[in-house]
Amino acid sequence: MSVFLAGLGFSALAVFVAEMGDKTQLVAMSLATRYRASTVLVGITAATALVHVVSVFAAEVLGSAIPTDWVTLVAGLAFLVFGAWTLRGDEMTDKDEERAASRRIRSAFLTVFTVFLVAELGDKTMLTTVAVGTRYDWLPVWIGSTAGMVAADALAIALGVLLGKKLPERAIRIGAAVLFFAAGTAMAAQGVWMLLS
């Protein structure tokens, strides 16, 4: 049970941090200006659950094919890359906005689901889920990563509505990057120690 809770907690925190300042957070805020917040949250939850179930199964395949010490080292290095990616920023381009607008579907739920699904594919949070999934069982990682993503987007929507202005993206990016660097350094060091033992 403690391993389950560790996987749940670590994946939720990792994806929550990864989502801070990410383009999909901007997508969530944008969708919330057009549709009811509850519809946006349900659509985001469904899209995230689908993308992250694919991510955890990819992690299961990688985890069983690669020795644990190498998986830990690679996951740590991936987190360091995610930290640098977070510092660099991830903005929604005009092309992304056009693509999202062209996917207008009659149902608000289907619109939110489709737009968020497309925005999430290959995104940092999807890759973070794969990295965490190589260390823990798929079920707690899937539940935790989905919960972390939805919590981060719900917070962004609520703060966006409350503040009525753009969130301080730079401060959020720096804080998230520091957390990624700390986790990545610890995981990479553990992987190196396991290899040398």
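**View 1. F109 and F113, two rings on helix α6.** In this predicted model, F109 and F113 sit four residues apart in helix α6 (residues 108-120), so about one helical turn separates them. Their ring centres are 6.0 Å apart and the planes meet at 25°; that is under the 30 degrees cut-off, so we call this pair stacked. What about burial? F113 is buried, at 19% relative accessible area, while F109 is partly exposed, at 32%.

**View 2. F10 and Y136, a tilted pair.** A search of the whole structure turns up four aromatic pairs, and here is one of them: the rings of F10 and Y136, with centres 6.0 Å apart and planes at 45°, so the pair counts as tilted. F10 belongs to helix α1 (residues 2-19), and Y136 to the loop between α7 (124-133) and α8 (138-163), so the pair ties together parts that lie 126 residues apart in sequence. F10 itself is partly exposed, with a relative accessible area of 23%.

**View 3. The cluster of F57, W138 and W142.** Zoom in on these three and you'll see a cluster, with F57, W138 and W142 linked through ring pairs.

View 4. The chain has a mean pLDDT of 77, with 73% of its residues at 70 or more.

Key:
Residues are numbered from 1 along each chain as its sequence is written. This is a predicted model: local features need pLDDT of at least 70, side-chain atom pairs count only at pLDDT 80 or more; totals for chains, interfaces and linings use all residues. Side-chain values use heavy atoms; hydrogens and water are left out. Rings of Phe, Tyr and Trp (its six-membered ring) pair if their centres lie within 6.5 Å; planes under 30 degrees apart count as stacked, over 60 as edge-to-face and the rest as tilted. Buried means under 20% relative accessible area, exposed over 50%, partly exposed in between (1.4 Å probe, protein chains only). pLDDT is the predictor's confidence in each residue, from 0 to 100.
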